[in-house]
Amino acid sequence: MDRDANEVATGQLVEITRESAAAGSAVAAEAFRGPLDVERKSGKTDVVTQADRDAEAAVEARIRDAIPDATIYGEESATGTVPETGMVWIVDPIDGTNNFVRENRRWATSVACLVDGTPVAAVNDMPALGDTYVGTPDGVRRNGAPVTVSGRTDPETFQVVPSIWWPRDRRDEYAAATGTIVRRFGDLRRPGCAQASLSLLAAGSVEGVLTNIDANAWDTVAGVAMVEWAGGTVTDLDGESWTPRSRGVVASNGERHDELLAAAREIEEKR
């Protein structure tokens with residue numbers, strides 16, 4: 001299909017996003033719980049497998065089948081920063097690779113399409129769980145059914161996720177995150193997959209996701225967009241609108257967002 005990216009309608013972009021995520025997740029699912037050669041990137045818990053690379057290649061192939069000149073920003077191949085103009089596809093072939101290599105089903109193939117820095121479509125496909133989240137500015141659907149953030153307003157009933165891994169030299173912040181959450185909120189959850197965590201928030205299963213870590217775009221953009229499209233709020237540590245260049249991620253169901261911000265700032269004090 002030989003066409004320029006600017007000629008593709010929004011509805012087609014959603015379909016390409018969904019199909020490309022499905023193509024990548026199918027490749028990853030075939031390798032899941034099979035023999036894997038696990039390599040380390042920057043540390044003992046920062047790992048990658050051939051399945052990550054193969055899944056990203058499958059996502060890219062589907063996108064380029066529709067848009068040959070597509071700009072793709074994938075975890076296993078990206079350099080630089082996310083372009084602020086034009087159309088760009090942000091890809092995480094296996095978000096939650098640590099879960100993946102330990103045969104834990106909480107991982108996702110994540111694809112988001114941005115136009116001039118604004119998300120227009122996002123998909124988090126989790127085949128091992130049987131869940132696919134598809135988001136557009138019109139709303140979010142899980143397995144075809146509409147979902148929204150929860151309506152809980154009492155922080156003592158909130159379930160909150162400390163997301164994005166704190167490296168070994170920042171474990172005081174990780175300890176502060178867990179302590180802050182259990183003191184301020186009802187309970188703590190840690191799926192070990194940022195996109196899964198944000199998807200759960202968009203679907204009302206948790207009330208908050210937070211970190212003071214500078215997160216990569218492939219770990220956040222699709223899920224952040226879904227939280228906002230599902231009625232939630234996402235900011236940086238200063239309470240300003242979140243972008244892929246923001247410091248930290250503070251996401252909530254929109255009720256008592258100030259409490260999530262206060263928790264994130266308390267964690268930041270340990271930095």
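A cavity is here a set of grid points where a 1.4 Å probe fits but cannot get out, whereas a pocket is an open set. In the predicted model, 1 cavity of 30 Å³ or more is present, and the largest cavity has a volume of about 30 Å³. Its lining is formed by Ser 163, Ile 164, Ala 194, Leu 198, Val 209, Thr 211, Thr 220 and Val 249, a set that comprises 5 nonpolar and 3 polar residues but no charged ones. At least two of the lining residues come from each of helix 5 (194-202) and strand 12 (208-211).

The largest pocket has a volume of about 1,100 Å³. Of the 39 residues that line this pocket, Thr 45, Asp 46, Asn 98, Ile 164 and Trp 165 lie nearest its centre. Two or more lining residues are given by each of strand 1 (38-43), strand 2 (46-49), strand 4, helix 3 (97-101), strand 10 (159-162), helix 5 and helix 6 (217-229). By class, the lining of the largest pocket is made up of 13 nonpolar, 12 polar and 14 charged residues.

In the UniProt record, an unreviewed entry, the annotation "binding site" covers Glu 75, Asp 92, Ile 94, Asp 95 and Asp 219. These positions are spread over 145 residues of sequence, yet they cluster in space, with a largest C-alpha distance of 9.7 Å. Glu 75, Asp 92, Ile 94, Asp 95 and Asp 219 are taken in by the lining of the largest pocket.

Within this annotated set, Glu 75 is placed in the loop between strand 3 (71-74) and strand 4 (87-95). Leaving aside residues up to four places away in sequence, Glu 75 touches Lys 41, Glu 56, Val 91, Asp 92, Pro 93, Ile 94 and Trp 218, and its side chain makes a polar contact of 3.3 Å with the side chain of Lys 41. Ile 94, by contrast, lies in strand 4, and it is classed as buried because its relative accessible area of 1% falls under the 20% cut-off.

The lining of the second largest pocket divides into 10 nonpolar, 4 polar and 4 charged residues.

Terms used
Residues are numbered from 1 along each chain as its sequence is written. This is a predicted model: local features need pLDDT of at least 70, side-chain atom pairs count only at pLDDT 80 or more; totals for chains, interfaces and linings use all residues. Side-chain values use heavy atoms; hydrogens and water are left out. On a 1 Å grid over the protein atoms alone, a cavity is a set of points where a 1.4 Å probe fits but cannot get out, and a pocket is an open set with protein on both sides within 12 Å along at least five of seven lines; lining residues have an atom within 4 Å of a point. Grid points are joined across faces, edges and corners, and a volume is the space filled by probe spheres set on the points. Helices (H or I, at least four residues) and strands (E, at least two) are DSSP runs, numbered from the N terminus. Ala, Val, Leu, Ile, Met, Phe, Trp, Tyr, Cys and Pro count as nonpolar, Asp, Glu, Lys and Arg as charged, and the others, Gly among them, as polar. UniProt positions are given in the numbering used here, feature names are shortened, and annotations may be inferred rather than shown by experiment. Contact means heavy atoms within 4.5 Å. A polar contact is a pair of N or O atoms within 3.5 Å; within protein, one must be able to donate a hydrogen and the other to accept it, and residues adjacent in sequence count only if both atoms are side-chain atoms. Buried means under 20% relative accessible area, exposed over 50%, partly exposed in between (1.4 Å probe, protein chains only).
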